[in-house]
Amino acid sequence: QVRLVESGGGLVQPGGSLRLSCAASGFTFSMYAMSWHRQAPGKERELVAAIPSAGGSTNYADSVKGRFTISRDNAKNTVYLEMNSLKPEDTAVYYCNRAKIPRTRAGPWLDSWGQGTQVTVSP
């Protein structure tokens, strides 16, 4: 059974930084692309960043390019999202997800979601 547990969210001032973690279990982590998504109040969930199964070439939403970095540690079954220069518009619940098919560079992503972790950027 796939299990994804996000952590690391919190309240931060504009310009601050946070590092999110997603601990994965129930599947062979190194075989799947992983991603981070976010959903702000009243808005649809959007893809923030994605990383292939073996790392390497990553993809980012235009709104976070140059500020966010996705990475993974296949030995720890964990994917990270380093967020810098945070803005109020980054406020959202952040979720990680896994590709449906192994050894792809990106999605489609699983239809189920974990609890997510709340990120609030406010003075």
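Strands here are DSSP runs of E with at least two residues, numbered from the N terminus.

S1 pairs with strand S3 (residues 18-25) in the antiparallel sense, over five bridges. Two strands pair if DSSP finds at least two bridges between them. Leu4 has Ala24 in S3 as its bridge partner.

## About the model

The model is predicted: local features need pLDDT of at least 70, side-chain atom pairs count only at pLDDT 80 or more, and totals for chains, interfaces and linings use all residues. Residues are numbered from 1 along each chain as its sequence is written, and side-chain values use heavy atoms, leaving out hydrogens and water.

## The six-stranded sheet

An open sheet holds six strands in the order S2-S10-S9-S4-S5-S6, with mixed pairing. Strand S2 (10-12) and strand S6 (59-60) are the edge strands, each pairing on one side only.

Strand S4 (residues 34-39) pairs with strand S9 (residues 92-98) in the antiparallel sense over six bridges. Trp36 stands opposite Cys96 in S9.

## The nonpolar core

The largest nonpolar core has 28 residues. Such a core is a set of buried (under 20% relative accessible area, 1.4 Å probe, protein chains only) Ala, Val, Leu, Ile, Met, Phe, Trp, Tyr and Cys residues joined through side-chain atoms within 4.5 Å. Trp36, Phe68, Val79, Leu81, Met83 and Tyr94 have the most contacts inside this core. S3 gives the largest share, four residues.

Methods. Buried means under 20% relative accessible area, exposed over 50%, partly exposed in between (1.4 Å probe, protein chains only).
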